[in-house]
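Hi! Here are my notes on the model you asked about. Have it open while you read, and go through the points in order.

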Amino acid sequence: MTFDVVVLGAGAAGLMAAATAGRGGARVLVLDHGSEPGRKILISGGGRCNFTHLETGPNCFLSQNKHFARSALARYTPRDFVKLVDRYQIAWHEKAKGQLFCDGSARQIVDMLVSECQDAGCEARMETRITDVEADADGFVVRTDAGDVRSRSVILATGGLSIPKLGATDLSLRIARSFGLKIVPTAPALVPLVLDDADPSLAGVSLDVVTTCGKKGPRFADGMVFTHRGLSGPAILQISSYLEAGGTAHIDLMPGRNALEVLLAIKKARPRALPPSLLEALPARLAKELAGGLGDVMLANQPDKNIKALAERLSRWEVRPSGTEGYAKAEVMRGGIDTSGLSSQTMEVRDVPGLYAIGEAVDVTGWLGGHNFQWAWSSGVAAGQAA
Ligand code: FDA
């Protein structure tokens, strides 16, 4: 049998695209090698799925073309997804500004998407290994371990490389390459950082910080936590997406305050105290570590240049990670199918009519906070409508 649309991948983007295409009247087949659909949705947001961010926009994404996501995000917005969630009476809450989570469980989002696909008449075949996609005069042949499937259109939606144990593969990248598309180099993103000189005694210490990288890079004000191997927490995951190998991140450990003024005021008020007292605003274990270089010399006897050097370190702690925790721990992959070969309106490959690419497989990588799912929904709808 020939399908109108075959969607490769029953994840966030693929299910959304399938439901949209099916509702538009297309005969749709979804193929996935996993045992159930939406496995990353199920583990997302600590099991509650941070399903969108109300203030998303192209500025919340990394891409070689920073405008690419604009059209799809504007045509299917966070409010549109919230309407769908409300229609299914899934209760939700705004955890941090703009970040919407289910009150109950991420399972509700998967059930909703599956139900949307079923209502739209889509067929799904799980546990199907896809080996290749080829084009011929009538459209496409999708080769699988259960035989060939013919289709007028194919949507590449097998996601990125993060969490291989959940079935992540490079299938979409491989197929895209075979059709002549360029691939922007990929790397783990939204990922904990590994430091050569990590101090395991600090593991578990957490504090609010501001992370930055590069002169014009973004700044992320959020939590950071020391791990046995380095650093994690939302402010670290965010900046990790921007760090090139060998790059440097700067961390303000006393955000919103002038560290030098604070330290000099403490020195004046408590001249007989020892250096860790300078950092009483920080967790004690960290304070002890940071002030270690000042020895056991009373504050009154500390030259101001020492205090100044410490203040500089506090407000601009320079971190040069030796690496990251890799795809096993990364929330997403950055890079992917180069958007220069795709239409930003429809996600169709410019030179291969009928072939589309959506979701994380594409070089559009969102910040933490629901942006990645919104990209999956928006790009899925764009392709589903066009395919
Ligand atoms: P997705 O990975 O969802 O789906 C791809 C599908 O393709 C999978 O079903 C997979 O089995 C299938 N597949 C892969 N290779 C295949 C092959 N060779 N053959 C057949 N099928 C194949 N984002 C967010 O916005 N809010 C959040 O709360 C979170 N939380 C979160 C937590 C954790 C732990 C992770 C790892 C990730 C998140 N994310 C997130 C990111 C989010 O999960 C991710 O961006 C989207 O799921 C991407 O959707 P896609 O549909 O593109 O890929």
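**Around the ligand**

1. Start at H33: one of its polar backbone atoms sits 3.2 Å from a nitrogen atom of the ligand. That makes a polar contact, meaning a pair of N or O atoms within 3.5 Å. A word on the source: this is a predicted model, where local features need pLDDT of at least 70 and side-chain atom pairs count only at pLDDT 80 or more, while totals for chains, interfaces and linings use all residues. Residues are numbered from 1 along each chain as its sequence is written, and side-chain values use heavy atoms, leaving out hydrogens and water.

2. Now look at N50, where a polar backbone atom is 2.9 Å from a ligand nitrogen. With R39, a polar side-chain atom lies 3.1 Å from a ligand oxygen.

3. How much of the ligand does the protein bury? Of the 990 Å² that the ligand exposes when taken alone, 92%. These are accessible areas from the Shrake-Rupley method with a 1.4 Å probe.

4. In total, 30 residues surround the ligand, with A13, D32, T169, E360 and F373 the closest.

**Away from the ligand**

5. Next, find W377. Leaving aside neighbours within four places in sequence, W377 is in contact (heavy atoms within 4.5 Å) with A12, M16, I41, F51, Y76, F81, I109 and L113.

Conventions: A residue is near a molecule or strand if one of its heavy atoms lies within 4 Å of it. A polar contact is a pair of N or O atoms within 3.5 Å; within protein, one must be able to donate a hydrogen and the other to accept it, and residues adjacent in sequence count only if both atoms are side-chain atoms.
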